[in-house]
Amino acid sequence: MIEVIGLTMRYGGKVAVDDLSFTVRPGLVTGFLGPNGAGKSTTMRAVLGLEPPGAGMALVNGRAYASFPRPLRAMGALLDAGAVHGGRSAHAHLACLARSNGIGRDRVDAVLDQVGLAGVAGRRIGGFSLGMRQRLGIGAALLGDPGVLMLDEPLNGLDPEGIRWLRELLRSLAAEGRTVLLSSHLMNEMALTADHVVVIGRGRLIADCAMDALAGRFQGEVLVRTPQAERLAGVLRAHGAAVVAEDGGALSVRDLDAARIGVLALSEGIALAELSPRGASLEEAFMRLTEESTEYRTGLPEAVR
Ligand SMILES: Nc1ncnc2c1ncn2[C@@H]1O[C@H](COP(=O)(O)OP(=O)(O)OP(=O)(O)O)[C@@H](O)[C@H]1O
C-alpha cells in the first residue's frame, strides 16, 4: 500500500504538490493522471524519499521508504529510465542492484528473462533504445519481487507489443495482490490497464475513484435509432441538443439525456428502436476534469475553436 498524507512539496516559492492525500490499495492497478506539471513525478519522488516534503508525508506499507533496510524488496520503482550508467551491461547493472539489496543472483536472470532482455544481457546499456531502457528499468523495479510497484511513464518508448506486454504484466501483478501505481498520458492504454484512477491538477487532488465511475460521471452521447430519424433530429435540436446522423440511420445526440429524449419522442408519437447512453471515454473525462487546472496549454487554431 502507498499512502500520501497531506503532502506539500515546494520548489522555491512554487507549490508543486499542495496538501495532497490519497491511498493506493493492493490488488488493483491504479493510474496516476494529471496534465503536464501537475505534480505526479514530484509526488513519486516524495514516496521514494528523494526529496523532503514541505508538509505531510508519504508512506509505503506504513513506513517511510528510506527506513526499509532492503528497500527494493518492499517497493520497486521506475522514475527515469535514462538515469542508468551507460557503460555497464544490463546484467551488471541488475547484479549490482541485487547485491546492494541482499537479493540472490538468480533473480537477475529471472528478471532479464521476464522483461525480454535475456538476449542482450551482456550488452552495454549505452547502446540501448528508449524501449530497452524502459524494460531494464521495469526489470530493476521487479528485482526484489516487491509487493508494491510505482512506475512513472513506463510506456514511453515501448512498441505496441511492449505496451501490451506491460499491461498484462501489471494486471497479473495486481491480481496476485500487489499494489501497482503507474502514471501515463496514454489515456486509451490507461483505460485498458487501470482499475482505479487518481487525478491531480496543479498539485491538488481532482478525483480518486474507480475507472468506470470516472467515465460514468460525464455523460457522453446517446445513440438513438428510429424509423423517423430526420423528424426526431429536428425535435431534439429544437430542445437544445446537438445531433449528428451516424451511418446506418442512427442519431448521435449530445446535451440531452436518454430519459428526456425518450419523453420528447413519445410526446411527438415517434417510435424508438434503440436508446443507448454511452459513457464518456477516459480521455474526454480527463479533459473535462482537468480543463481548469492545465498549466501548459496551447491555443486552439481559430478554425476549431
Ligand atoms: N527540480 C525542480 N525544480 C523546480 N521546479 C520543479 C522541479 N521539479 C518539478 N518542478 C515543478 O513542479 C511542478 C510539478 O512538476 P512534476 O514534474 O511533478 O509534474 P508531472 O505531473 O510529473 O508532469 P509531466 O506530466 O509533465 O511529467 C511543475 O510546475 C514543475 O515545473
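Good morning. In the protein chain, 69% of the contacts with a separation of 6 or more are between residues 24 or more positions apart. Please bear in mind throughout that the model under discussion is a predicted one.

I shall begin with the chain as a whole. Its secondary structure comprises 11 helices and 13 strands. Taken along the principal axes, the C-alpha atoms fill a box of roughly 75 × 45 × 40 Å. Of the 305 residues in the protein chain, 37% are buried.

Next, the domains. The domain assignment gives domain 1, covering residues 2-210, and domain 2, covering residues 219-279. Where do their centres lie relative to one another? The centres of domain 1 and domain 2, taken over C-alpha atoms, are separated by 45 Å.

Is Leu-28 buried or exposed? Leu-28 has 20 C-beta neighbours inside 10 Å and therefore counts as buried; the threshold for that class is 20 or more.

Which residues does Leu-28 touch, if those up to four places away in sequence are not counted? They are Ala-174, Asp-195 and His-196. A further pair deserves mention: Leu-28 and Arg-178 are 150 residues apart along the chain, and 7.4 Å separate their C-alpha atoms.

Terms used. Residues are numbered from 1 along each chain as its sequence is written. This is a predicted model: local features need pLDDT of at least 70, side-chain atom pairs count only at pLDDT 80 or more; totals for chains, interfaces and linings use all residues. Helices (H or I, at least four residues) and strands (E, at least two) are DSSP runs, numbered from the N terminus. A residue is buried if 20 or more other C-beta atoms lie within 10 Å of its own, exposed if 12 or fewer, and partly exposed in between; C-beta atoms are placed from the backbone. Two residues are in contact if their C-beta atoms, placed from the backbone, lie within 7 Å. Domain bounds come from an automatic or database domain assignment.
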